[in-house]
Amino acid sequence: MIKAEEAISNAARLLEQAELELTNLPLMERLDELATSWLGIAAMLTERERV
């Protein structure tokens, strides 16, 4: 099972990649959306760990 730290790491990696895509706005936006999804997963996992 994936852990919150791994989800956050995936989000960070995607955001770093998005920063490199300055000339490709659609890809930059998609990477940002994927990173946001990973952060949402991290939030759910963190909440789950608290219960």
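Predicted model: local features only at pLDDT ≥ 70, side-chain atom pairs only at ≥ 80, totals over all residues.
Helix α1 covers residues 4-20. It has 17 residues and runs 25 Å from its first C-alpha to its last, close to the 24 Å expected at 1.5 Å a residue. The buried residues of α1 are A4, A7, N10, A11, L14 and A18. They lie on the same side of α1, because the arc they cover around the axis is only 120 degrees. The face turned away from the buried side of α1 carries the exposed residues E5, E16, E19 and L20.

What, then, covers the buried residues of α1? The cover includes α2, a helix made up of residues 25-50.

N10 sits in helix α1. Its relative accessible area is 17%, and the cut-off for buried is under 20%, so N10 counts as buried. With neighbours within four places in sequence set aside, N10 is in contact with I2 and W38.

L14 is also placed in helix α1. With a relative accessibility of 10%, L14 counts as buried. Leaving aside neighbours within four places in sequence, the contacts of L14 are L31, L34, A35 and W38. For a sense of distance across the chain, L14 and G40 are 26 residues apart in sequence, and their C-alpha atoms are separated by 14 Å.

Not counting residues up to four places away in sequence, A35 touches A11, L14 and L15. Of these, A11 and L14 are listed among the buried residues of α1.

Which residues make up the largest nonpolar core? It has 5 residues in all: A11, L14, A18, L31 and A35. The elements that give two or more residues to this core are α1 and α2. The most comes from α1, which gives 3 residues.

In one of them, the side chains of E33 and R30 meet with an N to O distance of 3.3 Å. E33 and R30 are 3 residues apart in helix α2, so about one helical turn separates them. E33 is partly exposed at 44% relative accessibility, and R30 is partly exposed with a relative accessible area of 45%.

The salt bridge between R50 and E47 has its closest N and O atoms 3.6 Å apart. R50 and E47 are likewise separated by about one helical turn, because they are 3 residues apart in helix α2. R50 is exposed, with a relative accessible area of 65%, whereas E47 counts as partly exposed at 43% relative accessibility.

Technical notes. Residues numbered from 1 in each chain as written. Heavy atoms only, no water. Helix = DSSP H or I, 4+ residues; strand = E, 2+ residues; numbered from the N terminus. Buried < 20%, exposed > 50% of the residue type's maximum accessible area, 1.4 Å probe, protein only. Contact = heavy atoms within 4.5 Å. Salt bridge = Lys/Arg side-chain N within 4 Å of Asp/Glu carboxyl O. Expected span 1.5 Å × (residues − 1). Arc of directions from axis to C-beta. Core = buried A, V, L, I, M, F, W, Y, C linked by side-chain atoms within 4.5 Å.
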